[in-house]
Amino acid sequence: MEYRYHFTYTADGTVKTAADSNEDFTFELKENENSLKAVLTPKKDVIIHSFFVERDYSFAEGAKFFANGFQSWTDTREFGKNDKMPGLGTIGKSPYGKINGIKYVGDYSFVSQETESGSFHSHGIAYVKDGTTIDFFGSMTDRTGYTVIYADMNRGTIRFSKDVDGVTISEPYEILDLFLAKGEYDEVFDSYFDAIGVKPRTTEKIKGYTSWYNYYEKINEDVIIRDLESLSKHKDAVNIYQIDDGFETRVGDWFSIDEKKFPKGIKYIADSIHDHGFKAGIWLAPFGAHKKSKVATEHPDWLVKFPNGKPVPVGHNWGGFYALDIYNDEARQYIKDVFNEVLNVWGFDMVKLDFLYAASVIPMHGKSRGEIAYDSIDLLRECVGDKPILACGVQQLPCFGKVEYMRIGADMSLGWAHTLLRKNMHREDVSTPNAIRNSIYRRCFNGRAFLCDPDVFLLRRTNIKFSPEQQAMLAQFIKIFGKVLLMSDNIAEYDEEQMNMFHHILADDDTKLLAVNEEGGIVFIDYLENGEEKTLKFHIKDGTIY
């Protein structure tokens, strides 16, 4: 296969561009049936800025390109030649978005964003589908830097790029390592995960409750205990009870509990959950620090900073927040102390760890974004030990085999429509259609890299905009595609029909996906449940059920 090669770098204080070996380094590209590797051997110290190899590719009529999104929430799907990939919305590009660093929620700061139909990019893995045949490309590791795979169906090219800006090399450096395969869907993904040696850390589903999708940050002791007592009457179906955001005074100040909401403290909550027969889960954003938090204001040296010394804003949530620098010794110790408190003093059994992308939004300390992301997940695994992690808001490949559970889509909305406001934020914003699509198109990870969390099912009739029929269909959808089955309802409000559906979704039925297709926005899902063949059919954009 003939490849074109492009490399920008700095050597001897000069920025240079190369398309082959030269006086500064040698370049070697090796390809066989299942592998493509590129090695740079510098003859002097070289600072890398960008790298890619590209080749011509013949896209068949009707071919689809699978584009894996940057992190948990990024929309992920198969695209055809007439489709256009969304980008950063107008609010994200606005002064408000710039002040709050909305571009860092996704890949907008370092990946070329497509502006025309038929041109796409994917993170870590990608494939071209022609009928039922998959032509697969997958990074063996992104620790050296994110692998970004570009497809241009208009010009007929595939490009393999590495985000290695800022990395300094002085010895042979494997800059690209890809696994290649062709075959049926399950066949190629089984081969890929065998090749990278990754297996899930657990096979145990988690089933139960999370507080977020009813109360959001407006939780308190009374609400949590009330819903806990209601759920305890059905403990045979449930194994976890998780409290989400809203217990702390500010994100980052994890030792500072809001005493008005939780006068007895958070250990009391964990103990109460245990007393009712459940494992206790809690939400944290361990790399986040609200702009006005004590952590950020009293320890500005702990924060990720631009080269000019100013802290990097990494999102607009809670009024804006920064990220902790995991290579700062004091910040690193603080993170460890937080987990020690949460797991060993408060006594929680599981942690949902959110906004994890924040640790690696810029290259720093001579490391690429990818290397930082891997280091950050390694730190979390060290802190949590053998207790399970439900990861969220995080890049997928660094978590392969490192976390037990993974949110693989955007937050579900409390209604179906993906509103104009949400569309104008960024690709990672709250969206029921995007959450559904991500569950469909990231099903390849479920039971191979970790167990997938498609997000909640909601059966209550208040504070909700779904119809009862949509609620039942979405609950069944989540049962088919997920191993994390959580709801946010006060179960005491359920009628008999809702209660029957609740127990059906959590039942350990023999459920098997047979086929999934999307045509013209209509999704068809064929599956077996206890030997009976069934189908879900609905419109992805408006939730019409057929």
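1. In which order do the three strands of the open sheet with antiparallel pairing stand? The order is β25-β26-β27. Strands here are DSSP E runs of at least two residues and helices H or I runs of at least four, numbered from the N terminus; two strands pair if DSSP finds at least two bridges between them. β25 (511–519) and β27 stand at the edges with a single partner strand each, so one side of each has no neighbour in the sheet. From one strand to the next the twist averages 15°.

2. This is a predicted model, in which local features need pLDDT of at least 70 and side-chain atom pairs count only at pLDDT 80 or more, while totals for chains, interfaces and linings use all residues. Residues are numbered from 1 along each chain as its sequence is written, and side-chain values use heavy atoms, with hydrogens and water left out.

3. Eight bridges join β26 (residues 522–529) to β27, and Glu 529 stands opposite Glu 532 in β27. Helix α12 (residues 468–481) lies across β25, β26 and β27, at about 65° to β26. Axes are lines fitted to C-alpha atoms, for helices over the stretch in contact, and angles run from 0 to 180 degrees between N-to-C directions.

4. Ile 545 lies in the segment after β27 (532–539). Its relative accessible area is 38%, which means partly exposed (buried is under 20%, exposed over 50%, partly exposed in between; 1.4 Å probe, protein chains only). Beyond residues up to four places away in sequence, Ile 545 touches Glu 469, Gln 470, Met 473, Lys 537 and Phe 538 (contact: heavy atoms within 4.5 Å). Ile 545 and Glu 469 are 76 residues apart in sequence, and their C-alpha atoms are 8.1 Å apart.

5. An open sheet of eight strands, with parallel pairing, has the order β23-β22-β21-β20-β17-β16-β15-β24. Its edges are β23 (451–453) and β24 (484–487), each with a single partner strand, so one side of each is left without a neighbour in the sheet. Neighbouring strands are turned by 25° against each other on average, direction ignored. Two bridges join β21 (residues 389–391) to β22 (residues 405–407); Leu 390 stands opposite Tyr 405 in β22.

6. The largest nonpolar core has 146 residues, of which Phe 247 and Phe 502 touch the most other members. Such a core is a set of buried Ala, Val, Leu, Ile, Met, Phe, Trp, Tyr and Cys residues joined through side-chain atoms within 4.5 Å. The contacts of Phe 502, not counting residues up to four places away in sequence, include Leu 231, Phe 457, Met 487 and Tyr 494.
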